[in-house]
Each structure stands twice: as C-alpha cells, then as structure tokens.
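Reader: Hey, I'm new to this one. Can you walk me through a few bits of it?

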Amino acid sequence: MELVVTVLMILPALWLAATRSSWLLDYAFFIVALNRGIRRLVDFYINGAFNPLSTISLTPLIVSALLLIPAMSRFGQLTPRSRSIAMLIMVALAHGMVIGFMNSGIGAVYSLGEWLAGFGAFLFAATAPVQTITADRWMKSCGYAALIVAVYGWYQYLTIPPWDAFWVTEVKFVGYLGQLRPTEMSVFSTMHERGPCAAFLAWAAIPMILHPRWRILGGWLTVVLLFSVVVLTMSRSMFIIVALVAVLQPALSKGRGFGRVLLLAGLLGLGLSFGLEHLPGASRIQKRFDTLTEIQNDGSYQGRLEIFTSGIPWVLQHPLGLGLGSSGFGARRIGGGTKEGWCDSGYIDVFSQFGWIGGLCFFAAMAKIWGELTRRIRLGGRDPFLYTGRAVLLGCLVFLYVGNVFSGFSLFWVFLGISLNRLTRPVYAAKPATDSPALMLPPYPALHSHPNPAHA
C-alpha cells in the first residue's frame with residue numbers, strides 16, 4: 001500500500017512533466033509540503049509500524065527532479081549570462097558527486113537528488129516561457145500550500161493527533177520537541193522537523209510581505225497566521241531572515257516598499273507585545289524567544305559560531321572536501337555522515353560537500369546572479385522579481401551562517417530562477433543604422449505566448 005500511495009503521488013507529476021506544463025512546479029510545492037504528513041498517516045493506519053525507509057519520503061525528490069526534464073530541454077532558452085550561472089552550479093554538483101561517491105557510495109546519489117530538487121526548480125523557473133501571471137501563480141501556490149501547513153499546525157499544537165504522537169515516539173523526539181500533550185509540543189505540522197516547517201512557512205510569507213500581487217486569500221491576516229505557526233515551531237532564526245529580507249528590499253530599491261516594512265514591523269510588534277502572552281502555552285514560548293534579546297549568550301548561537309570558526313581550518317586542510325552524501329538527506333538515508341556536524345554552518349557545509357573547486361564555483365554563481373539582476377535593473381528593468389530577488393539572495397547568503405538552506409527544494413530557488421528568466425529582461429531602446437527614430441525592442445517576443453495555453 002505504501003508503494004501504491006507513492007505511485008499515486010508521482011503519477012500526476014510524470015504527466016505534467018511529459019506535457020511540459022508549468023503546473024508541475026505548483027504541484028511540487030504541495031508534495032514538498034504534505035508528503036511527510038501522508039507518510040505518517042500510512043505508517044499509523046496501514047503499516048501499523050514506523051518505516052524509516054518509506055518510499056513516500058522520496059516523493060519530493062522525485063517530483064522536484066522531474067522539473068529537470070522540461071528545464072534541460074529548454075536550457076538554450078537561458079541568456080548567456082544565466083547559462084554561465086547554471087554551468088557553475090553544475091560543476092559544483094559534479095565535483096561533489098565524484099568525491100562523494102568515492103567516500104559515501106549511494107549516499108552521494110541521495111544527496112545529489114536533494115540538491116537537484118532545488119536546482120531543478122531554479123532551472124525550471126529560469127527557462128519556462130511564461131507570462132507574469134504564471135510566475136505570480138507559482139508564488140501563490142506556495143502560499144496556499146503553506147496555508148494548509150499552518151492550519152494543520154494549529155490543529156497539531158492543540159490536539160497532538162495520534163499519528164503524529166506515534167511518529168514522535170518512534171523517532172525518539174520526545175523531549176526535543178517537548179511533551180506529547182496539547183500546547184506542550186513544538187509544531188512540525190506536515191514536515192519532518194520543526195525547522196523545515198518554519199522555513200517553508202516563512203519563505204511562503206516573504207513574497208506576500210514584499211509585494212501585494214503575491215498575496216493570497218486573507219492578505220495580511222494570512223501572513224499573521226503563517227507567522228503564528230512559525231512561533232509555535234519555536235524556530236527563532238526564521239524571524240531574523242524575514243526581517244532581514246524585508247529591510248533589504250526597500251534598501252536595495254531606493255525606498256520602494258518601505259511602507260510594507262513599517263506595517264510588518266507594526267504587526268510583529270503588536271503580536272509579540274500582546275498576542276504572544278495570550279497564546280496557549282505562552283510561558284514556554286516566551287522563554288524560548290526571550291533569548292533573542294541576548295543572542296550573544298545563546299547556546300545555539302555560540303554553538304554555530306564554534307562550528308564556523310573550527311570549520312575554517314578544516315576546510316583549508318581538505319581541498320577536495322568530503323563530497324555529497326557527507327551530510328543532509330544522503331547521510332541520514334545511509335545512517336552515516338560527517339562527525340564534524342558541519343550542517344549547522346552552511347558555509348562550512350558547502351565547502352565540505354563541494355571542496356575548494358565546487359565551493360568557489362557555487363559562490364561565484366551566487367555573485368553572478370547578483371551581478372545579472374543589478375545589470376537588468378541598471379538597464380531599466382522594473383519587474384518586482386528583480387528588486388526582491390537581490391534581497392532574497394542576500395538573505396539566503398546571510399542565513400547560510402546557521403544552516404545550508406540551498407541543499408533542497410525551496411521557494412527562494414524558484415524566486416531566483418524567475419528573476420533570471422527572460423520575462424524580467426528590460427525593454428530597451430536600440431538605434432538603427434538609419435536616421436529613423438529608435439525602435440523599442442521587446443526582450444523575448446517568442447516567449448510571451450505559448451502554442452498551448454494550458455502549459456502556461
């Protein structure tokens with residue numbers, strides 16, 4: 001039955017990939033958001049036992065990897081600069097795969113799938129011949145998937161469903177996630193951990209904060225709902241990244257969107273001042289978030305700082321790195337992984353997986369993304385994806401200090417892909433050889449329409 005459920009989840013993705021439909025990306029958001037919840041229901045009601053190697057947990061990797069089928073067939077649609085960015089990331093992945101396969105065997109394949117999930121979403125969004133309405137729909141689909149996660153998150157917090165309690169007990173997370181009593185357990189909703197749950201909700205909320213056209217049903221109330229569940233996950237770092245991106249966006253776009261930042265600050269301030277103390281289990285939540293006022297004395301912060309400082313000499317001594325499979329999903333799948341715990345410091349984790357060559361290629365790609373977005377803005381580009389894309393990129397690079405956010409499927413990969421799509425290229429004036437007036441040249445005349453509207 002587990003295999004049947006897995007196949008049923010993958011079949012729609014196979015059909016969407018075969019027809020090269022843009023809806024494949026929308027479907028991927030829901031699979032990423034809901035697969036672990038489905039797995040727990042199958043384990044509890046059908047298997048009657050926890051299966052640590054459940055095939056259902058592989059569905060996000062498979063569905064996300066399917067994005068590469070139409071994306072690679074459209075690789076030539078990338079602009080030369082965007083193509084060079086993609087090639088740099090591919091070099092990093094290839095180097096990490098070779099070294100990883102020698103060190104971790106099949107674990108490297110699992111980790112490659114995890115990286116390809118994010119990279120596939122990036123390429124799919126960058127190469128898709130879509131209009132603005134489709135790109136905006138992708139943002140909203142992530143928002144609706146997050147809305148389901150948030151609503152279930154409150155249900156989980158207030159009731160502790162038996163299938164979730166069963167899973168927490170089997171994976172020995174009692175204590176780490178709190179106690180199996182209503183309002184005394186950290187929310188992980190339909191995800192496999194509270195951190196990924198908080199990250200999915202926060203990244204879904206970021207576009208709604210940055211631009212009104214990416215908001216879904218409920219508008220700012222939905223944003224408040226998503227953040228309320230982020231609070232219930234007890235994940236503090238996501239508030240830092242949201243605040244950082246929200247401030248960077250107007251700072252990098254000459255003040256555009258500053259009013260939204262003030263509104264967000266007001267909502268968060270009211271929520272923390274008046275709403276937090278009225279939440280069920282408020283004392284436990286307040287104790288956790290009070291440490292933000294003395295972050296320099298926080299154990300988690302100090303631990304990450306120690307990993308980062310001790311990791312730099314290690315990286316300098318290991319130019320080839322350990323390859324893919326040394327951390328993340330691949331290490332968990334084969335029961336191995338590094339003893340150094342580099343996954344808690346994203347910069348060290350990138351170099352430990354890719355070595356000097358792959359690590360430098362990866363960060364060169366990030367620098368080239370920044371340069372291309374800046375160039376398009378300088379040439380007159382006004383698409384919101386350009387301005388917000390730079391804020392999202394900087395936010396991700398800062399967040400790398402606390403974890404490797406790039407090694408997996410995430411909305412920010414989609415966001416960066418859309419930012420590099422021909423859709424955001426500025427319309428520019430080119431003067432012909434004759435004395436006739438300058439002609440306005442469209443950036444992608446062949447890409448605004450598609451022979452099959454269903455694919456857009």
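This is a predicted model: local features need pLDDT of at least 70, side-chain atom pairs count only at pLDDT 80 or more; totals for chains, interfaces and linings use all residues.

Reader: Okay, and how many aromatic pairs does the structure hold?

Author: There are 26 of them. In one of these, Phe 406 and Phe 412 sit edge-to-face, with 5.2 Å centre to centre and 80 degrees between the planes.

Reader: Are Phe 406 and Phe 412 buried or exposed?

Author: Phe 406 is buried, and Phe 412 is buried as well.

Reader: Switching to helices: at what angle do α1 and α3 pack?

Author: About 5 degrees, and their axes are 9 Å apart. Angles under 35 degrees count as roughly parallel, so that is how α1 and α3 run relative to each other.

Reader: Which residues make the contact?

Author: From α1 it's Thr 6, Met 9, Ile 10, Ala 13, Leu 14 and Ala 17, and from α3 it's Thr 59, Ile 62, Val 63 and Leu 66. By class, that contact of α1 with α3 has 8 nonpolar residues, 2 polar ones and no charged ones.

Reader: And what about α7, how many residues has it got?

Author: Helix α7 has 28 residues, running over 132-159. From first C-alpha to last, α7 reaches 41 Å, close to the 40 Å expected at 1.5 Å a residue.

Reader: What comes just after α7?

Author: That's Ile 160, which takes a positive phi of about 50 degrees.

Definitions and conventions: Residues are numbered from 1 along each chain as its sequence is written. Side-chain values use heavy atoms; hydrogens and water are left out. Axes are lines fitted to C-alpha atoms, for helices over the stretch in contact, and angles run from 0 to 180 degrees between N-to-C directions. Helices (H or I, at least four residues) and strands (E, at least two) are DSSP runs, numbered from the N terminus. Angles under 35 degrees count as roughly parallel, over 145 as roughly antiparallel, 65 to 115 as roughly perpendicular and the rest as oblique. Contact means heavy atoms within 4.5 Å. Ala, Val, Leu, Ile, Met, Phe, Trp, Tyr, Cys and Pro count as nonpolar, Asp, Glu, Lys and Arg as charged, and the others, Gly among them, as polar. The expected span of a helix is 1.5 Å times one less than its number of residues. Rings of Phe, Tyr and Trp (its six-membered ring) pair if their centres lie within 6.5 Å; planes under 30 degrees apart count as stacked, over 60 as edge-to-face and the rest as tilted. Buried means under 20% relative accessible area, exposed over 50%, partly exposed in between (1.4 Å probe, protein chains only).
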